[in-house]
Amino acid sequence: MLLKSLKLLIILLITLLITLFSACRTSVKDDDWITGDDDKDAVDARELVGEKSSYKSQRFESNTVREGDSISFEKQDKSLESKKPISLIDAGKTTPHPIWEESSRQTKNVLVVLPLTGELETIGKKIKNAIVKVNQELEEPFNLAFFDTQSNMYEKKGELYDFVIKNDIKFIIGGLQSQDTKDIVEVAGIKNILVFSLSPNSKLALEHKNLYIQSITPENIAYSVVKYAIEKKHFRKFAIFYPYTEIGMEYYYYFKYYVDYMGAEITKEVIFNPKANNLDKPISKLVERDNPYKRPDFQKYLRHARTISNPYRKKHYLEISKLKLKPIFDYDAIFLPISDRKINYIIPILASWDLPLKTNNQRLMEQVYHKYLNKHQKYVQVFGTPFWYNENIFNDNSPYINGSIFPSPYNIDLENESNPFVVLFKNEIIEKKSLIYEALIYDMVNIMYYVFEKKEDIKTYDGVMGAYFLYKNQFFKDFGMAIIHENRIYTYAE
């Protein structure tokens, strides 16, 4: 019995040693992630326990940059005749980590954090090219360093920490999405570096004092639409038809806020599911035709229907009677914060439900709305977003979008080649591409240089997107307006 007990004890001790050894191996594997192995489980575990500081690790103590690393450097020198950026790293070679070189002109170092590979590669490279172009035109170009997040800022955060600690950086440009911007600002906070983000989330500017938003935000769009509609068009009653998304809710919040602030009112608000295959139900609510049985003017048809004994004839009579109902609305304008891809789908449906939209085609209005018009009838003005400034909206050749008004992302004549912006991006303009990101970058780099570097007054800066003023750390823009007329876009609609 004693021998058996000893054997069992030995087996238990061996089992315990094996367990401890396995645990040690797990710990080593976790440390392997720190030194460079991509272990997603280890990352998730750290996030769950809140150990964000684990990113500051021995992995980044190496002074070499290997092939595939996410940082590239571009030195800008105005004295170069070619004006092309000089790469301080030869791709594919093991090179000592470069040190920022002091410029005789005392230019500053700017870190640009973008997804240059991965899912967001196209937009990241578009922004990078715009930054390089604009920077080359400055009297004293910034020294640029490009940091590639590879569309996953979360996994690159530690590497960014290490780079910021080791380098003297004046500004950071980066953050296309809210979470990425938050991560970048957190890293920048260790040296109180100013961050300029392209995220459309204006609320972020309230949370971080060293963050400036240079984007087209829902708040700025709503403000511009309401201001123009009330001050220029003298509208007092509004409707809004918006998607059930995070950004759609932002549009609604700010639109309602500025309408109330300026003394007007929203008399109709309808939300819709952007994934729905049929929008007839929510759109019919805009004209009180979603439930005709509640309408007083439908009661006479119901009374007559009770006298019809044949059920098929009764059903047909009621369906025809519904079409005879006039639209009920009391608003002067409707705001549609929808994408340029949806306007040719949604706006014609508004017309099909007998909402008398204001268009530039008088004959079309008379044909579609003649049975509802009288001397007291008003047409409804459609307002949209700056992203409607896109030649692709005319591909469907829909006449209903003509007459729509929206904030213009450009307060300049894009055919005027005396403007530096037009000269810089004339190839893209010739191809009629959307230049919203280029315009944002053009203004951002110039504001960084003239306002934050040269200490000029922001109130005197008049950019491509209009006059600027600082509001809650946003570069608020006094948008001009654009109008769609005969399948062309004209700015400064009056």
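Colleague: How much space lies in the largest pocket?

Modeller: First, this is a predicted model, so local features need pLDDT of at least 70, side-chain atom pairs count only at pLDDT 80 or more, and totals for chains, interfaces and linings use all residues. Residues are numbered from 1 along each chain as its sequence is written, and side-chain values use heavy atoms, with hydrogens and water left out. A pocket here is an open set of points on a 1 Å grid over the protein atoms alone, with protein on both sides within 12 Å along at least five of seven lines. A volume is the space filled by probe spheres set on the points, which are joined across faces, edges and corners, and for the largest pocket that is about 1000 Å³.

Colleague: Which element gives the largest share of that pocket's lining?

Modeller: Lining residues have an atom within 4 Å of a point, and the largest pocket has 33 of them, with Pro-200, Ile-247, Tyr-251, Ser-339 and Phe-387 nearest its centre. H8 and helix H16 (436-453) each supply at least two residues of that lining; helices (H or I, at least four residues) and strands (E, at least two) are DSSP runs numbered from the N terminus. The largest share is four residues, and they come from H8.

Colleague: How many charged residues line the second largest pocket?

Modeller: That pocket has a volume of about 600 Å³, and of its 23 lining residues, Tyr-389, Glu-391, Leu-414, Glu-415 and Ile-429 are the closest to its centre. Helix H15 (426-430) and strand E19 (488-491) each supply at least two lining residues, and E19 gives the largest share, four. For classes, Asp, Glu, Lys and Arg count as charged, Ala, Val, Leu, Ile, Met, Phe, Trp, Tyr, Cys and Pro as nonpolar, and the others, Gly among them, as polar. On that scheme the lining has 11 nonpolar and four polar residues, and the charged ones number eight.

Colleague: On to packing: at roughly what angle do the axes of helix H7 and helix H8 cross?

Modeller: Two packed helices are described by the angle between their axes and the distance between the axes. Axes are lines fitted to C-alpha atoms, for helices over the stretch in contact, and angles run from 0 to 180 degrees between N-to-C directions. Helix H7 (residues 218-231) and helix H8 (residues 246-261) have axes that come within 8 Å, and they cross at roughly 40 degrees.

Colleague: How many charged residues are in the contact of H7 with H8?

Modeller: Contact means heavy atoms within 4.5 Å. Among the H7 residues that meet H8 are Ile-221, Tyr-223 and Val-226, while the H8 side includes Ile-247 and Tyr-251. The contact has 12 nonpolar residues and no polar ones, and the charged count is two.

Colleague: Are H3 and H16 roughly parallel or oblique to each other?

Modeller: Helix H3 (residues 121-136) and H16 pack at about 40 degrees, with their axes 9 Å apart. Angles under 35 degrees count as roughly parallel, over 145 as roughly antiparallel, 65 to 115 as roughly perpendicular and the rest as oblique. H3 and H16 are therefore oblique.

Colleague: And are H4 and H5 roughly parallel or oblique to each other?

Modeller: The axes of helix H4 (residues 153-166) and H5 come within 10 Å and cross at roughly 20 degrees. The contact includes Met-153 and Tyr-154 of H4, along with Asp-180 and Ile-184 of H5. Given that angle, H4 and H5 are therefore roughly parallel.

How values were computed
1 Å grid on protein atoms, 1.4 Å probe; cavity = no way out; pocket = protein on both sides within 12 Å on 5 of 7 lines; lining within 4 Å.
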